[in-house]
Amino acid sequence: MSLSFKNKTLVFILLIYFSSIPFIKSQNQSKDCFATAADRPELYLPLLKNKNVIVAANQTSLLKNRKHLVDFLVENNIKIKSIFAPEHGFRGVADAGEHVKNGTDSKTGLPIVSLYGDNKKPKAEYLKGADVILFDIQDVGVRFYTYISTLSYIMEAAAENNVEVIILDRPNPHDGYTDGPMMKNQWKSFIGLHNVPVVYGLTIGEYGKMVNGEKWLKNGVTAKYTLIPMLNYHKQQRYGVSDKPSPNLPNDKSINLYPSLCFFEGTQVSVGRGTDLPFQIYGSPWTKDFSYQFTPKPTEGAKDPFLNGKLCYGENLSQYSQDLRELNLEWLLKSYKNYKNPQQDYFLKNLFFDKLAGNDELRKQIIAGKSEKEIKNSWKKDLENFEKTRQKYVFYPN
């Protein structure tokens with residue numbers, strides 16, 4: 001009787017164990033079945049067959065198996081006319097703002113056209129004979145990151161030259177929320193073409209839909225625009241990126257801190273360019289009350305970093321554990337209060353800070369000693385108004 005009871009107990013345990021396997025397996029499958037648009041070739045290859053294609057791409061344009069999109073298209077006999085490369089170049093190693101020349105891809109022999117410097121918008125001659133521009137570049141979801149400006153100029157040139165734009169969508173590391181000051185017309189530039197907040201809560205594919213739908217292209221033209229969506233993407237989840245989107249955003253930590261720390265680029269404070277921790281630290285020679293020290297030196301992607309060779313005092317945020325879903329102004333305000341240099345104003349003379357903020361209000365609020373809460377309250381109405389526009393173009397669920 002005792003043996004029978006043991007056998008029954010064993011059978012019962014085994015039944016529970018084996019019945020749970022499908023559940024565990026299905027959970028793993030659901031977790032793994034996310035796919036970027038690049039990994040859904042069944043949706044876009046048919047649209048490219050027998051077409052002359054320009055590919056807008058860089059080092060992030062990778063499939064799940066790490067194969068570059070351009071190589072994959074060549075293998076599938078897609079006729080590629082040329083490659084359009086954004087800021088930082090096709091291989092993504094150029095400094096921010098560095099002039100990148102046109103060239104040739106050594107692997108495929110395809111011509112590369114740099115869409116930076118004096119040629120931010122593709123010239124008509126570069127589109128001659130093209131049917132489609134296929135865009136696949138990893139963005140970070142922040143207004144002053146220039147890839148959305150590159151997309152906008154590509155769409156504008158395509159609309160003017162009757163060329164279709166197909167975009168392969170990728171995750172936004174700052175999706176699912178909006179925050180920051182609103183861009184005002186007077187401060188428009190390549191680091192802010194449109195009247196949106198610093199964090200706008202759309203994937204790059206959704207953003208292109210908004211640019212088209214709101215008629216933000218020159219003269220109100222609209223592009224023939226096709227969005228290839230991701231599979232099982234949710235805006236509140238964080239998926240990581242295929243490769244570092246630019247030399248000074250090397251990992252998820254720097255991308256997480258980027259919207260909050262980039263304001264320092266308009267001040268006398270370094271954000272760690274020229275160190276092993278770009279956009280994970282901040283400091284200057286004139287904030288000596290901080291205990292953390294670093295010295296910027298030339299590196300790949302920061303050949304002549306700001307405050308090169310000068311000992312800086314600041315904070316190390318590389319262990320900051322919070323997944324930011326809003327801007328953190330604490331570091332900016334703290335740095336301003338601790339800045340002691342009577343010979344040099346905290347903000348750069350060219351007022352690049354205002355271009356980053358999209359207006360001059362944030363700088364004036366900091367000088368006036370406004371608190372973080374007061375500053376954020378001043379953004380509230382603009383963010384509420386923008387949300388009405390944003391909602392029209394949201395494709396993915398939260």
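Select Leu 193 to begin: this residue is buried, at a relative accessible area of 18%, where buried denotes under 20% relative accessible area, exposed over 50% and partly exposed in between (1.4 Å probe, protein chains only). The model is predicted, so local features need pLDDT of at least 70 and side-chain atom pairs count only at pLDDT 80 or more, while totals for chains, interfaces and linings use all residues. Residues are numbered from 1 along each chain as its sequence is written, and side-chain values use heavy atoms, with hydrogens and water left out.

**Around Leu 193**

Leu 193 belongs to the loop between β7 (179–182) and β8 (197–199); helices (H or I, at least four residues) and strands (E, at least two) are DSSP runs, numbered from the N terminus. Next, display Ser 149, Ser 152, Tyr 153 and Lys 188, with which Leu 193 is in contact once neighbours within four places in sequence are set aside. Contact here requires heavy atoms within 4.5 Å. From Leu 193 to Tyr 153 the C-alpha distance is 9.8 Å, across 40 residues of sequence.

**Lys 120 and two rings**

Move to Lys 120 and show Tyr 116 and Phe 190 with it. A charge sits over a ring if NZ of Lys or CZ of Arg is within 6 Å of the ring centre and within 35 degrees of the ring normal. Lys 120 lies over the face of Tyr 116, 5.4 Å from the ring centre. Its charged end also sits over the ring of Phe 190, at 5.2 Å from the centre.

**Aromatic pairs**

Rings of Phe, Tyr and Trp (its six-membered ring) pair if their centres lie within 6.5 Å; planes under 30 degrees apart are stacked, over 60 edge-to-face and the rest tilted. This rule gives 24 aromatic pairs. Select Tyr 200 and Tyr 207: the pair is tilted because the planes stand at 55 degrees, with the ring centres 4.8 Å apart. Tyr 200 is buried at 0% relative accessibility, and Tyr 207 is buried at 1%.

Then select Tyr 346 and Phe 347, an edge-to-face pair with 5.1 Å between centres and 85 degrees between planes. Tyr 346 counts as buried at 1% relative accessibility, as does Phe 347 at 2%. Both residues belong to one aromatic cluster, whose members include Phe 144, Tyr 258, Trp 286 and Phe 353.

**Two positive phi values**

Finish in two loops. Asn 50, between α2 (41–48) and β1 (52–57), has a positive phi near 60 degrees although it is not a glycine. Asn 50 is exposed, at 73% relative accessibility. Lys 215, also not a glycine, has a positive phi of about 55 degrees and is found in the loop between α6 (204–213) and β9 (225–228).
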